[in-house]
Amino acid sequence: MKVGDVFSYAFGAIRLRKLRAGLTTLGVVIGIAAIVALLAISQGLQVTITDQLKSGFATDTLIVSPGSGGGIFSGMGGGIGGASSDFSLVVTDTQIINEIEDVVTSAAIIQEIGYIKSGDRTVTAYVVGVDFAVYSEIYGSTFVAESGEIVPNPDNDTVVVGKRVSDRWENGTLVCNVDDAVEIIWTNTTVRPPRNETYTVTVVAVLKEIGGLSLTGPSDFAVYIPLGQAQSLFGTDECDRIIVKLANEDSSTIEAVSEAIEDAFSGQVSVTSSTAILNTISSIFSTIELFLAGIAAISLLVAGVGIMNIMIVSLMERTREIGILKALGMKSRTVLAIFISEAVIVGLMGAIFGIGLGWVLANVAARVFTGGGFAAATGQRATSGGFVINPVLTPTVMLGAFGFGIAVSIIFAIYPAWRASKLKPVDALRYE
Amino acid sequence: MVLAKPVVETADLKKTYILGKVPVNALRGVNLKVEKGDFLAILGPSGSGKSTLLNMIGALDKPTEGKVFIDGVDVSTLNDNQLADLRRNIGFVFQFFNLIPRLTARGNVELTLSIADLGKNARRKRAEELLETVGLKERMKHKPAELSGGERQRVAIARALANNPRFLLMDEPTGNIDSKTAKEIMGLVKRLNKDEGVTIIVITHDQQLATQAKRIVKMLDGSIIKEIDQL
């Protein structure tokens, strides 16, 4: 029997029992949709997070933070990771780093959490002490003034503020603007009891919007003060991290410099590259995706059991039909092919509708997650803490889901189909 | 002149079923020969072993002992695929028609042809010719449920003839239809035998029907007890 005839016979058999076939297919649809939706969302989330990180990143930089193994997290939190060690980085350590080959320059960063007070408005902000000249060299594309001017050797009472410090609520109501006098308030914990210190500065520049999370680079939520001022204000030479600018972003350079820096500080610092962070995040996501896909795959397996169950029932109902086909001269392998074809058709339909449904679900869920809800529905930009998840459906996921759906259908159909093909014509014809 | 091999030949055919724990001898050594162009009726009451004999001749079941030759080929030497090929050369007609309910009359005939790998256009043409032969030209787009018993049996005969079989093997072909229609069906069968030279084996318990055949073989308790030549 020709392949086309086998399929058309199988299709006819499916059409005869529409509801049953529909429900069996629905099982596959749900399984595939679950896989597609979960993967599309998690991949979308990964893209969002990576983009957010990248927007504050410079791929030719390294972050040196005190303590071994603390990595980026010690740098982020202002030395949480390094707390267990007596070792601390000091501002002058940049000189050691600058001597290493392929290092262009480096900037020490002293960071505290504080408040900016302007008139009757007070907002929280990172108070970051950096050398403006070096910092703008490293972050040439992000540490850039939107208004005002960043001068290499600023006066001690001048500050550069991030976009969100100035325009906190993104609605034009400014906390402060260029030439405004503002108060910086920070909590001095070196004295007992801790007390709030205040000093007055003038805003000389507002940075252009960076966006993203700014894990390592310039942030929209920071106030930048000259490094010397930070040293005297916070009464310390210790810095939270040192940002190193490399001559190029080759992985060999990154590796060589990282090693050289670790050696220079006897392994008491950890060196993280932006690329490494991205890689770590991407590998975390891979694991999450695998996990999610695994959970979703279970629902597809359940659908497979459904297919098997229905086919065994159908096999019993169609025993006589199989007997007739065999009496008419149909070979066992053709009977097998007919039953497998029925499963392929169910799997194919399930996969197609499942991918479609999964994509719809992913988009709906993405809008709910981003908090846009109704705003999204009315066409407005849905934002929640700067997050917009756009579900991603890669060809790999699509083809994978497609193949998996059909494969599961076939695998679970093999046993019933085999039983059908093994029926003896004389027994099958006698079957009532 | 070399004599043509018989279409069907059985040699000391025996079949034993195990019912529960009791062996039942359904066939106790049957020797039968059917030549080309023959019209044979196998007559016997229920339990005489005639259905078992049909299953053997139709290559649907295997004998316990003895041999079945179809066109000189020993059926017991064939594997599953070869048996399937062999069955394409046998035209089965069953008491309960055994049509595929979801297919039309034409679809049922075409199915047999598609199993034999015939192309779409060729099988449609052939199916329509066959249905015309059995007098169902106007009803070929109807499904079995929309046809009378007699019409269904005609479809079954058209289907059985589709692949130009070596012989028609009919199991109580009129057992499920009224006597008037039965007469018509037997008229058709006789015509096929006489005009087209189709070899026919009919299995029945109906004395009346058996008298239509050229030859009658009477069976009782798994053995042939009498052969009557009606020519």
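Predicted model: local features only at pLDDT ≥ 70, side-chain atom pairs only at ≥ 80, totals over all residues.
Chain A is built from 14 helices and ten strands. With a radius of gyration of 32 Å, well over the 22 Å that the globule rule gives for 432 residues, chain A is more spread out than a compact globule. Its C-alpha trace spans about 100 × 50 × 40 Å along the principal axes. Of the 432 residues in chain A, 46% are buried. Among contacts in chain A with a separation of 6 or more, 78% are between residues 24 or more positions apart.

The contact between the chains involves 17 residues of chain A and 19 residues of chain B. On the chain A side, helix 1 (3-16), helix 10 (319-327) and helix 14 (425-430) each give two or more residues. Helix 10 of chain A gives the most, with four residues. By class, this side of chain A has nine nonpolar, three polar and five charged residues.

In soluble globular proteins, nonpolar side chains tend to be buried together. Here the largest nonpolar core has 135 residues, and those with the most contacts inside it are A:Ile32, A:Ile35, A:Val36, A:Phe339, B:Ala158 and B:Ile201. Helix 2 of chain A (residues 18-55) supplies the largest share of this core, 15 residues. Leaving aside residues up to four places away in sequence, A:Val36 touches A:Gly354, A:Ile355, A:Gly358, A:Trp359, A:Ala362, A:Leu393, A:Val397 and A:Ala401.

Methods:
Residues numbered from 1 in each chain as written. Chains lettered and ligands numbered in written order. Rg over C-alpha atoms; globule rule 2.2 N^0.38 Å. Buried ≥ 20, exposed ≤ 12 C-beta atoms within 10 Å, placed from the backbone. Contact = placed C-beta atoms within 7 Å. Nonpolar A, V, L, I, M, F, W, Y, C, P; charged D, E, K, R; others polar. Core = buried A, V, L, I, M, F, W, Y, C linked by C-beta atoms within 7 Å.
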